[in-house]
Amino acid sequence: MKTGDRGPETGNMEMSLDALIHPAAAQPMAPRQFLVQNVRRETPDTFTLTLARPNPEEGLIFAPGQFNMLYAFGVGEAPISISGDPDRPHLLVHTIREVGNVTRALCHQKPGRAIGVRGPFGAFWPVAEAQGNDVLVVAGGLGLAPLRPAIYYLLSRRAAYGSVEIIYGARTPQDLLYRRELERWRGRFDLRVHVTVDAAPSDWKTNVGVVTALLPRARLDPFHTVAFLCGPGVMMRFTVRELLNLGLKEDRIFVSLERHMKCGLGMCGHCQLGPVFVCKDGPVFRYDRVKDWLDRREV
Amino acid sequence: MVARQDFPYLLEALIRRGCQLMGPTLRRGDLVYGPLHGVEDLPRGWRDWQAPGSFRLQPREDQALFGYGVGQHSWKSFLFPPRQLLWQARRTRGGFEFMPREEDHPRYAFIGVHPCDLTAIQVQDKVFLEGAYVDPTYGQRRLGAFIVAVNCGHACGTGFCASMGAGPRAAPGFDLALTEVVSPNGPHYFLVEAGTEEGGAVLGEIPHRPAAPEEWQAAEDRIKQAENQMGRFVQTRGLKELLYRNYEHPRWDDVASRCLTCGNCTWVCPTCFCHTMEDVTDLTGEIAQRWRRLDVCFSVNYSYLHGGSVRVSPRSRYRQWLTHKLATWVDQFGCFGCVGCGRCITWCPVGIDLTEEVRAIGESENP
């Protein structure tokens, strides 16, 4: 396990795959077109778009945790993490919440229409370096979307890892993403899935409460566990605190952050968090490299 | 050494090479960089007077061609245009197709680049050329540019380039560097130093002779004089750590009570690179364009994320700007984002002086 000295920002994997996962390097400003194959409603305001390259020969190779800039014609562009299977690069899957003009236009695309894609961009979950370790995935709300590629990656190489646990929390049962898939994962014997919601109707049979309440249930060996976290800021802060209490070292915790982004190339300046650009140094960071900046207000 | 009367040959040599000359001109009483057609376009016999929140041009006693410091413009408007069309596309049945656009990458010759601005260009190189991605527009314009630097004969009223290591003498990176020696009734000439092979070739095309020791000395004295005149100073040793330690310092509240968050400091800054994208369509909605334009970290929108902005208070926005220039930039690009040109002080409508803000924070630790 080498996460201690090589994080995702500078990992070997990134070096060797650089040309593959940064195809945007040649034409960084112009989107490529992908056709909407299917739009699926996940929650009242969240949709999963499956995109296919018009020429099926050309996929879009990406690493779990990376994002694309998606462009709705004439409306604008937004950074959206990739939530599909890295082993099926001919299909590009994004889960998008309608929060503004661009995301609304993206969510309401019809099958057969084209949208623009720039990417993939950014650092990724250190799934390769984590081999031989237990992996704990903690997601809140939409935060499961950028983690799903990592989960696919782990499950298709399941023997290479120790125990794998997923803890997922959302506001209500209606806000849970990928419900059918969660059920399938729960049925697997080589995977433990804990789901919780903040508030639930009486027919909800499982947990109610915040994700941190479920952490003690994970069978964690702090010295052989790598944790991947993505969710609202407050959820990540408390989860990190709990994990540290449980004995996990800071360099075994990875977080995915979110900022305003305009270029994805580390040039527009919008995604700065102190000394880092979330678009190119992140969005996935080893916790100890950004911890000083996460608790500061208005940075 | 090139005599004053031979100076026009330099401009002619550059025009012969196909360069579009850009340099300081007077426009409506202001000093702006724009097209130069000949030596007569240069603001001959003028000098700048600068103070926090104040800029004036005053006549000089001599006929110096480069006797003024930096104005509100910098060369970044040519290398990194403030508004630029990145692409345009037409809607088609299946999606959209890109439409050709006129790409104009003139070969510029920048005449009269002050040492601070030369350093600023090198700072922007790190942003646009030396990362994982290269900005094609900046790259084409930058690599083609011929730079005629001018060493400073006096210090700008608000400048502190010496403490930022960016002046008053031009560091390597120029094609030619001039030091102008002039006095009301004395000789008028330029000491010329070639920094590149092409610079040497251009020098070879214009009348010149080796400088006499006293001519050399006169030029050195003028640069020394500029250095000695400089009234402002920033302690750069330990500066990044100082600012990192003081994110919650009361001085940020103090400066926020004066700052209008207008963003003038970023518009005039020669290194500020932040920009935003504008996606627009024509009236029919059939043709879409993406424009890139300069953006300002002082606007609330700059840090907007769904649900609200990250930096709402003026305090946090000023702090973002100053700590970016003098601290986080070092971690991002390995240099300061400030070259000490003093523009942000001169062009701040309320005269906020970043050297004073930094000193106040430093002194609070070591009273």
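Visitor: How do strand 6 and strand 7 of chain B pair?

Guide: Strand 6 (residues 83-91) of chain B pairs with strand 7 of chain B in the antiparallel sense, over four bridges. Pairing requires that DSSP finds at least two bridges between two strands. Strands (E, at least two residues) and helices (H or I, at least four residues) are DSSP runs, numbered from the N terminus.

Visitor: Before going on, what are the ground rules here?

Guide: This is a predicted model, where local features need pLDDT of at least 70, side-chain atom pairs count only at pLDDT 80 or more, and totals for chains, interfaces and linings use all residues; side-chain values use heavy atoms, with hydrogens and water left out. Residues are numbered from 1 along each chain as its sequence is written, and chains are lettered from A and ligands numbered from 1 in the order in which they are written.

Visitor: Back to that pair. Which residue stands opposite Glu97(B)?

Guide: Arg90(B) does; Glu97(B) is in strand 7 of chain B.

Visitor: What is the strand order of the open sheet of four strands in chain B?

Guide: The order is 7-6-13-12, with antiparallel pairing. Strand 7 (96-99) and strand 12 (275-281) of chain B are at the edges with a single partner strand each, so one side of each has no neighbour in the sheet. From one strand to the next, the twist averages 25 degrees.

Visitor: Arg83(B) is in strand 6 of chain B. Which residues does it contact, leaving aside neighbours within four places in sequence?

Guide: Arg83(B) is in contact (heavy atoms within 4.5 Å) with Glu278(B), Trp291(B), Arg292(B) and Arg293(B). The side chains of Arg83(B) and Glu278(B) are joined by a polar contact of 3.3 Å. A polar contact is a pair of N or O atoms within 3.5 Å; within protein, one must be able to donate a hydrogen and the other to accept it, and residues adjacent in sequence count only if both atoms are side-chain atoms.

Visitor: What is the relative accessible area of Arg83(B)?

Guide: Arg83(B) has 46% and is partly exposed. The classes are buried under 20% relative accessible area, exposed over 50% and partly exposed in between, with a 1.4 Å probe and protein chains only.

Visitor: New topic. Which residues have the most contacts inside the largest nonpolar core?

Guide: Phe110(B), Tyr318(B) and Trp321(B), in a core of 114 residues. Apart from it there is another core of 35 residues, including Ala145(A), Ile151(A), Val195(A) and Phe254(A). A nonpolar core is a set of buried Ala, Val, Leu, Ile, Met, Phe, Trp, Tyr and Cys residues joined through side-chain atoms within 4.5 Å.

Visitor: What does Phe110(B) touch beyond four places in sequence?

Guide: Its contacts include Met22(B), Trp75(B), Phe78(B) and Phe146(B). Met22(B) also stands opposite Phe110(B), which is in strand 8 of chain B.

Visitor: How many residues of strand 8 of chain B are buried?

Guide: Six of the six residues of strand 8 (residues 108-113) of chain B are buried. Strand 8 of chain B runs parallel to strand 2 of chain B, joined by three bridges. Four bridges join strand 8 of chain B to strand 9 (residues 146-150) of chain B, also in parallel. In that pairing, Ala109(B) stands opposite Phe146(B).

Visitor: And how do strand 2 and strand 3 of chain B run, parallel or antiparallel?

Guide: Strand 2 (residues 20-27) and strand 3 of chain B run antiparallel, with six bridges. Their hairpin has two residues between the strands, and Arg28(B) there takes a positive phi near 50 degrees. Strand 3 (residues 30-35) of chain B has five of its six residues buried, so it is largely enclosed by the rest of the structure.

Visitor: Over to chain A. At what angle do helix 3 and helix 4 of chain A pack?

Guide: Helix 3 (residues 144-156) and helix 4 (residues 179-186) of chain A pack at about 35 degrees, with their axes 13 Å apart. The contact is made by Leu144(A), Arg148(A), Ile151(A), Tyr152(A) and Leu155(A) of helix 3 and by Glu181(A), Leu182(A) and Trp185(A) of helix 4. Axes are lines fitted to C-alpha atoms, for helices over the stretch in contact, and angles run from 0 to 180 degrees between N-to-C directions.

Visitor: Last one: is Ser316(B) buried or exposed?

Guide: Ser316(B) is buried, at 1% relative accessibility. Its side chain has a polar atom 2.8 Å from the backbone oxygen of Ser313(B). Leaving aside neighbours within four places in sequence, Ser316(B) contacts Glu298(A) and Arg311(B).
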